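You asked for a quick read of this model. My notes follow the structure.

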Amino acid sequence: MNFSNFDRQMMATALQLAARGRYSTSPNPRVGCVICRDAKVIAQGWHQRAGDGHAEVNALAQLSDTRASTVYVTLEPCSHQGRTPPCADTLINAGVSRVVVASEDPNPLVAGRGIARLQQAGIQVDVGLMAVQAEALNVGFMRRMRGGLPWLRLKSASSIDGRTAMASGESQWITGPEARADVQKLRAQSCAILSGVETILHDDAALTVRPQSFSADDPAVLALTEPWRQPLRVIVDSSLRTPSTATLFAAGGELVIATRVTNIKRHKPLIAAGATIVVIDDDGRGKVSLPAVMKYLADRSCNEVLLEAGAVLAGAALRAGLVDEWFLYMAPCLMGSSGRPLIDWPMTAMSEQQAIDILDIRAVGKDWRIQCRVPKLAEPQ
């Protein structure tokens with residue numbers, strides 16, 4: 001299909017609209033829509049929050065006459081009854097003449113059925129315009145629908161000599177306020193934040209989103225019309241050492257502790273403090289199985305998960321091939337050879353080294369943010 005420059009401009013606008021839902025649509029995908037007639041924009045909309053109107057519905061609601069119009073939408077219109085009616089039927093009933101779709105929806109409940117329904121109604125449907133950009137906007141949703149697991153981002157902070165904490169475990173603060181504010185954006189767009197008990201014991205981290213850290217001119221912040229959604233927080237704690245007095249419990253939002261402990265008496269104080277205890281499969285070494293945790297999160301409809309953890313849990317996730325993307329914030333300081341390493345992954349030969357693809361490096365305040373794509377790594381045998 002040969003798309004016109006106008007088509008590309010309209011889809012680019014639809015993608016910008018979709019991005020306004022970056023912090024609020026979970027577990028739904030981020031979708032934008034632009035409606036045109038006679039090469040003029042007559043309406044636009046985006047999906048703002050799960051349970052509310054989809055992008056197409058929000059755009060159509062602005063119009064009294066939608067006949068002979070072209071609709072640009074970043075994801076295939078749904079064809080099933082969920083919390084809202086099928087968007088494909090809404091477009092058909094509106095009498096639109098053409099629908100341009102960036103990406104097909106891999107959700108098994110849709111998966112081409114929305115496109116087919118539009119075509120059967122005599123509507124021209126053109127698919128694939130700016131599909132790469134559309135998929136990148138919903139990388140977690142795409143991963144979960146196609147592969148059954150969330151997209152896992154690892155966030156780490158280290159000194160320039162690769163240390164994440166002092167030997168005592170002290171780590172606050174390695175990076176500056178600008179880098180910590182940047183991490184808030186990663187948290188806000190995540191469905192869940194995953195951490196380990198050591199982080200709780202040493203840092204007493206709340207693992208919540210703090211809206212005051214955000215720039216007021218961020219379009220996705222300006223688009224919010226309701227209170228901030230706090231991601232699900234999950235603590236990997238094999239032997240149940242999380243103290244019921246931890247800041248986690250007072251911070252608000254749902255808290256899950258994943259453990260191997262089956263003794264209900266040991267669960268009770270944490271449940272009373274506000275946590276949900278989930279007993280997870282053994283990894284074969286007496287620890288919580290991280291693949292099983294990720295499956296649990298997928299079953300909870302989590303698209304994007306942010307792992308904020310120390311060297312041991314970060315190394316385990318990398319060795320298990322679970323990490324898709326890595327954000328490393330590197331501070332211009334030295335912490336010495338006795339400090340804790342970036343990851344726990346013993347290697348003894350150069351042949352065991354693992355390659356990482358660097359996508360972006362930029363300054364964030366006085367620190368450097370290195371964004372990496374992580375190939376599916378293999379632990380040396």
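This is a predicted model: local features need pLDDT of at least 70, side-chain atom pairs count only at pLDDT 80 or more; totals for chains, interfaces and linings use all residues.

The points below go from the whole chain to one strand and its surroundings.

1. Every value here is computed from it.

2. Overall fold. The protein chain holds 12 helices and 16 strands. Its radius of gyration is 23 Å, close to the 21 Å that the globule rule gives for 381 residues, so the chain is as compact as a globular protein of that length. Along the principal axes, the C-alpha atoms fill a box of roughly 70 × 45 × 45 Å.

3. Burial and surface. Of the 381 residues, 51% are buried. The chain exposes about 17200 Å². Carbon and sulfur atoms supply 51% of that area.

4. Contact range. Take the contacts between residues at least 6 apart in sequence: 70% of them join residues at least 24 apart.

5. Main core. In soluble globular proteins, nonpolar side chains tend to be buried together. Here the largest nonpolar core has 36 residues. Leu152, Ile280, Leu297, Leu307 and Trp326 touch the most other members. Helix α11 (residues 290-299) gives the most to this core, with six residues.

6. Another core lies apart from the largest one. It has 22 residues, including Leu60, Val73, Val99 and Phe141.

7. Strand β12. How many of the five residues of strand β12 (residues 304-308) are buried? Five of the five are, so the strand is largely enclosed by the rest of the structure. Both faces are covered. Glu304, Leu306 and Glu308 lie on one side, and Val305 and Leu307 on the other. Note the two glutamates, Glu304 and Glu308: both are buried.

8. Strand partners. β12 runs parallel to strand β6 (residues 151-159), and five bridges join the two. β12 also runs parallel to strand β8 (residues 192-196), here with three bridges. Which residue of β12 is the bridge partner of Leu194? It is Leu307. Leu154 stands opposite Leu307 as well.

9. Leu307 in detail. This residue draws several points together. Leu307 is buried in β12, and it is among the core residues that touch the most other members. Leave aside its neighbours within four places in sequence. Leu307 is then in contact with Leu152, Arg153, Leu154 and Lys155, as well as Leu194. Leu313, Ala314 and Ala317 complete the list. Of these contacts, Leu152 is itself one of the core residues that touch the most other members.

How values were computed: Residues are numbered from 1 along each chain as its sequence is written. Side-chain values use heavy atoms; hydrogens and water are left out. A nonpolar core is a set of buried Ala, Val, Leu, Ile, Met, Phe, Trp, Tyr and Cys residues joined through side-chain atoms within 4.5 Å. Buried means under 20% relative accessible area, exposed over 50%, partly exposed in between (1.4 Å probe, protein chains only). Helices (H or I, at least four residues) and strands (E, at least two) are DSSP runs, numbered from the N terminus. Contact means heavy atoms within 4.5 Å. Two strands pair if DSSP finds at least two bridges between them. The radius of gyration is taken over C-alpha atoms; the globule rule is 2.2 Å times the number of residues to the power 0.38. Accessible areas come from the Shrake-Rupley method with a 1.4 Å probe; for residues, only the protein chains shown count as cover.
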